[in-house]
Amino acid sequence: MTFDVARVRGLVPALGDGWAHLDGPTGMQVPEQVATAVSSALRAPVSRPGGVFPASLRGGAIVEAARRAVGDLVGADPKGVVLGPGPAPLLERLADALGSEWSLGDEVVVSRLDDLANVAPWERAAQRAGGRVLTAEIDVETCELPSWQYDELLGERTRVVAVTAACPAIGTRTEVAAIARKVHALPARSTGVEPLLVVDATAAAPYLPLDLDTMGADVMVLSAAAWGGPPVGALVFRTPDLLDRLPAASLDASARGPERLEVGDAPWALLAGLVASIDYLAELDDNADGTRRDKVLTSMSSVRSHQDDLTAYLVSELRFLPGVMVIGEPPRRIPVVAFTVAGRTAREVAERVAEHGVCVVTDTGDSGALEVLGGAEVGGVVRVGLAHYSTRAEIDTLVSALARL
């Protein structure tokens, strides 16, 4: 497996600005083929699917192509792919649909590692039903999410377990498969309804080969913007039949399958860009061949190998700097690293490294894992996230800028 980062950088025109874009947690820069796909779709005649004229047929073809592309990305049936504006609204719709059938005392389990998008909707749904919210905590030294604690958190009233595949704040990868086995070992309710594992793969998808069945997720949520795609997302159901058992959010009461959770007309141009962005991921390793699914697995494995080396280098260089404290030591991580600098707020650090042409992300540290770790008490936390186009030279630029603080 090979990974030619110089070739990949040539696919992303925004990198011509000369900045070191280490702001991966906010979304990656857009490849040329994605921008071209969006603009081409905007210029073409496209209409709502269902008609017999070419523009309508083109609209339907774009939607189906988007479902197939997402299915190829995570190894899922396209019939279980719900398309929408992004993780937060999609998870809100899912929580509303599932929560409408909950009753007093039902429970949801969320995680301290998760982004609020996969926590707040479940908290609100449980509150409306008179249910309880239980939280899986992190190991404050390693920032891992121990799977053993789910033995105590899960029970006969568990309806949903929401967990992230990787933490966008500190980079920890979660033992999703181990948690899934515990969730699926729970007995079904007397109504025949089994508890569901909802996995937020937004932070993991740009870096790792994903497989819905291997992870054991019942529902997975994705954001294309995370890997350089357009601002659209998807909910992926491992069992497409589940969609027809959920209350519909669609304006069309007769909608079936994924359309039951899709509201309004599809953003045709953005969905065309979604397809192009997954093709981009499949082609990151120029030696990848076979089906698109095959190429995705090969390319993302190459990405993981390349970025594991870069991440190890980044962490070792940051730990060497006086006054810099890297947060957590998870043995399994994505290339996202959080750190603080003694005597400096996160904002001050970001401003100083920006003077040297480096983009980093600041976090107030008042929610999720960073709240538990006291991020707000030290003036916030700086987050660095690598991308497919990141280089060792860019890491050196960051380290040099921090050394001057």
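**Note on pockets, cavities and helix packing**

1. The largest pocket has a volume of about 600 Å³. The model is a predicted one, and totals for linings use all residues. A total of 24 residues line this pocket. Nearest its centre lie E259, E262, G264, D265 and A266.

2. Which elements give two or more residues to the lining of the largest pocket? They are α3, β2 (81-84) and α9. The biggest share comes from α3, which gives 3 residues. By class, the lining of the largest pocket holds 12 nonpolar, 3 polar and 9 charged residues.

3. Two of those elements also pack on each other. Helix α3 spans residues 54-74 and helix α9 spans residues 268-282. Their axes are 9 Å apart, at an angle of about 35 degrees. The crossing of α3 past α9 is left-handed.

4. Now the residues of that contact. From α3 come G59, I62, V63, A65, A66, A69, V70 and L73. They meet W268, L271, A272, L274, V275, I278 and L281 of α9. The class count for this contact is 14 nonpolar, 1 polar and no charged residues.

5. Helix α9 has another partner, helix α2 (residues 32-43). Here the axes lie 8 Å apart and the angle is about 155 degrees. How do α2 and α9 run relative to each other, roughly parallel or roughly antiparallel? Angles over 145 degrees count as roughly antiparallel, and α2 and α9 are therefore roughly antiparallel to each other. Their crossing is right-handed.

6. On the α2 side, the contact with α9 uses Q33, V34, A37, V38, A41 and L42. On the α9 side it uses A269, L270, A272, G273, A276, S277, D279 and Y280. The contact of α2 with α9 divides into 10 nonpolar, 3 polar and 1 charged. A272 of α9 is listed in the contact with α3 and in the contact with α2.

7. A further helix pair is α4 (residues 87-99) with α5 (residues 120-129). Their axes come within 9 Å and cross at roughly 25 degrees. Angles under 35 degrees count as roughly parallel, and α4 and α5 are therefore roughly parallel to each other. The crossing of α4 and α5 is right-handed.

8. Which residues make the contact of α4 and α5? From α4 they are L91, E92, L94, A95, D96, L98 and G99. From α5 they are P121, W122, R124, A125, R128 and A129. By class, this contact has 8 nonpolar, 1 polar and 4 charged residues. The charged residues of α4 here include E92 and D96, and those of α5 include R124 and R128.

9. The largest cavity has a volume of about 40 Å³. Its lining is made of R173, Y207, L208, R304, Q307, D308, R333, I334 and P335. These residues divide into 4 nonpolar, 1 polar and 4 charged.

10. The second largest cavity holds about 30 Å³ of space. It is lined by V70, L222, S223, A224, W227, V232, G233, A234 and L274. Two or more residues of that lining come from each of β7 (219-223) and β8 (233-237). By class, the lining of the second largest cavity has 7 nonpolar, 2 polar and no charged residues.

11. V70 and L274 are both in its lining. V70 of α3 and L274 of α9 are also listed in the contact of these helices.

Notes. Residues are numbered from 1 along each chain as its sequence is written. This is a predicted model: local features need pLDDT of at least 70, side-chain atom pairs count only at pLDDT 80 or more; totals for chains, interfaces and linings use all residues. Side-chain values use heavy atoms; hydrogens and water are left out. Axes are lines fitted to C-alpha atoms, for helices over the stretch in contact, and angles run from 0 to 180 degrees between N-to-C directions. Helices (H or I, at least four residues) and strands (E, at least two) are DSSP runs, numbered from the N terminus. Angles under 35 degrees count as roughly parallel, over 145 as roughly antiparallel, 65 to 115 as roughly perpendicular and the rest as oblique. A crossing is left-handed if the near helix is turned anticlockwise from the far one by less than a right angle, and right-handed if clockwise. Contact means heavy atoms within 4.5 Å. On a 1 Å grid over the protein atoms alone, a cavity is a set of points where a 1.4 Å probe fits but cannot get out, and a pocket is an open set with protein on both sides within 12 Å along at least five of seven lines; lining residues have an atom within 4 Å of a point. Grid points are joined across faces, edges and corners, and a volume is the space filled by probe spheres set on the points.
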